[in-house]
Amino acid sequence: MEVVIVPDARSGGELVAEAMARLLRRKPDALLGVATGSTPLPVYEALAALVRAGSVDVSRARIAQLDEYVGLPAEHPESYRSVLRREVLQPLGIGMEAFLGPDGTAEDVQGACAAYDAALAGAGGVDLQLLGIGTDGHIGFNEPCSSLASRTRIKTLTEQTRVDNARFFDGDVEAVPHHVITQGIGTILEARHVVLLATGEGKAEAVAATVEGPLASVCPASALQLHAHATVVVDEAAASKLKLADYFRHTYANKPDWQGI
């Protein structure tokens, strides 16, 4: 696992956006797995800036959704389909025909989960999966003690996650759904490159458990230790509890530029 410590959220976003741009220059029809929330916004803003500047072409790029609320209509402003349309697809000029996502309103939710796993495989798999991390170490909506081999499935959110997400529902925790469809940890680990982005002191303990702690389902993100190409990008605040922070800074500072992340 490579750990890259950056000065702030903006520089982290620019670094990850450039990694996406390098991928698209090499593979124009790459399937990018994207996450919602406030943390990845600097990535999408930086990638959109690269598109506007003409330094990367996204006309053949494809976008895959990480998770979705169960029961929220697709047109609801806080359904993740709507959020990604607003924050990723529209700024990049990518149409919905290039979008893959699970159906959170399906009558057969389990069938919708299996269908989404099959759709990802049928699309050739995710080339780069961007992840955030919860304060409890969850990735996607794989809450603590999720199976490290899990597939796309329905999950019940912890109360802490619902409280954390209430800010997107005008602070009303009761408006946050109790259930979600999420790519499983096993599904996530099938992406060719996984990039976890974390910013802020509130994520420091989760980052330390992910990178330096034991591989354990109590910290789902620790499963990234098993991945052949996992990159953790953190700002100084999120890196504040890493015992090997100086080592991570040294290794990245002496890395050949051509390698990227």
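## Second largest pocket

Helix H1 (residues 9–26) gives the largest share of the lining of the second largest pocket, four residues. The model is predicted. This pocket has a volume of about 200 Å³.

Its lining is made up of Ala 19, Arg 22, Leu 23, Arg 26, Asp 127, Leu 128, Arg 192, His 193, His 229, Gln 259, Gly 260 and Ile 261. By class, the lining of the second largest pocket holds four nonpolar, four polar and four charged residues.

## Largest pocket

The largest pocket holds about 500 Å³ of space. A total of 28 residues line the largest pocket. Thr 36, Gly 37, His 138, Asn 165 and Arg 167 lie nearest its centre.

Which elements each supply at least two residues of this lining? They are E4, H3 and H5. H3 provides the largest share of the lining of the largest pocket, four residues. By class, the lining of the largest pocket divides into ten nonpolar, eleven polar and seven charged residues.

## The three-stranded sheet

Three strands form an open sheet in the order E4-E8-E7, and their pairing is antiparallel. E4 and E7 are the edge strands, and each pairs on one side only. On average, neighbouring strands of this sheet are turned by 30 degrees against each other, direction ignored. Strands of a sheet pair through backbone hydrogen bonds, either parallel or antiparallel.

E7 and E8 run antiparallel and are joined by four bridges. Thr 156 has His 179 in E8 as its bridge partner. Arg 153 stands opposite Thr 182 in E8.

E4 and E8 also run antiparallel, with three bridges between them. Here Asp 67 stands opposite Thr 182 in E8.

## Aromatic pairs

A pair of aromatic rings is described by the distance of the centres and the angle of the planes. How many aromatic pairs does a search of the whole structure find? The search finds five.

One of them joins Tyr 69 and Phe 169, and this aromatic pair is edge-to-face. The ring centres of Tyr 69 and Phe 169 are 5.7 Å apart, with 80 degrees between the planes. Tyr 69 lies in strand E4 (residues 67–69), while Phe 169 lies in the loop between helix H5 (159–165) and strand E8 (179–182), so the pair ties together parts that are 100 residues apart in sequence. Are these two residues buried or exposed? Both Tyr 69 and Phe 169 are buried.

Tyr 80 and Phe 141 make a stacked pair, because their ring centres are 6.2 Å apart and their planes are at 15 degrees. Planes under 30 degrees apart count as stacked. This pair links distant parts of the chain, 61 residues apart. Tyr 80 is in helix H3 (residues 80–92), and Phe 141 is in the loop between strand E6 (128–131) and strand E7 (153–156). Tyr 80 and Phe 141 are both buried.

The two pairs belong together: Tyr 69, Tyr 80, Phe 141 and Phe 169 form one aromatic cluster.

## Positive phi angles

Most residues other than glycine have a negative phi, and most peptide bonds are trans. Cys 145 has a positive phi, near 75 degrees, and is not a glycine. Cys 145 sits in the loop between E6 and E7. Is Cys 145 buried or exposed? Cys 145 counts as exposed, because its relative accessibility is 59% and exposed means over 50%.

Asp 170 also has a positive phi, about 55 degrees, although it is not a glycine. The place of Asp 170 is the loop between H5 and E8. Asp 170 has a relative accessibility of 79%, so it counts as exposed.

## Gly 95

Where does Gly 95 lie? Gly 95 is in the loop between H3 and strand E5 (99–100). With a relative accessible area of 23%, Gly 95 is partly exposed.

Gly 95 and Arg 62 are 33 residues apart along the chain. Their C-alpha atoms are separated by 9.1 Å.

Terms used: Residues are numbered from 1 along each chain as its sequence is written. This is a predicted model: local features need pLDDT of at least 70, side-chain atom pairs count only at pLDDT 80 or more; totals for chains, interfaces and linings use all residues. Side-chain values use heavy atoms; hydrogens and water are left out. Rings of Phe, Tyr and Trp (its six-membered ring) pair if their centres lie within 6.5 Å; planes under 30 degrees apart count as stacked, over 60 as edge-to-face and the rest as tilted. Buried means under 20% relative accessible area, exposed over 50%, partly exposed in between (1.4 Å probe, protein chains only). On a 1 Å grid over the protein atoms alone, a cavity is a set of points where a 1.4 Å probe fits but cannot get out, and a pocket is an open set with protein on both sides within 12 Å along at least five of seven lines; lining residues have an atom within 4 Å of a point. Grid points are joined across faces, edges and corners, and a volume is the space filled by probe spheres set on the points. Ala, Val, Leu, Ile, Met, Phe, Trp, Tyr, Cys and Pro count as nonpolar, Asp, Glu, Lys and Arg as charged, and the others, Gly among them, as polar. Two strands pair if DSSP finds at least two bridges between them. Axes are lines fitted to C-alpha atoms, for helices over the stretch in contact, and angles run from 0 to 180 degrees between N-to-C directions.
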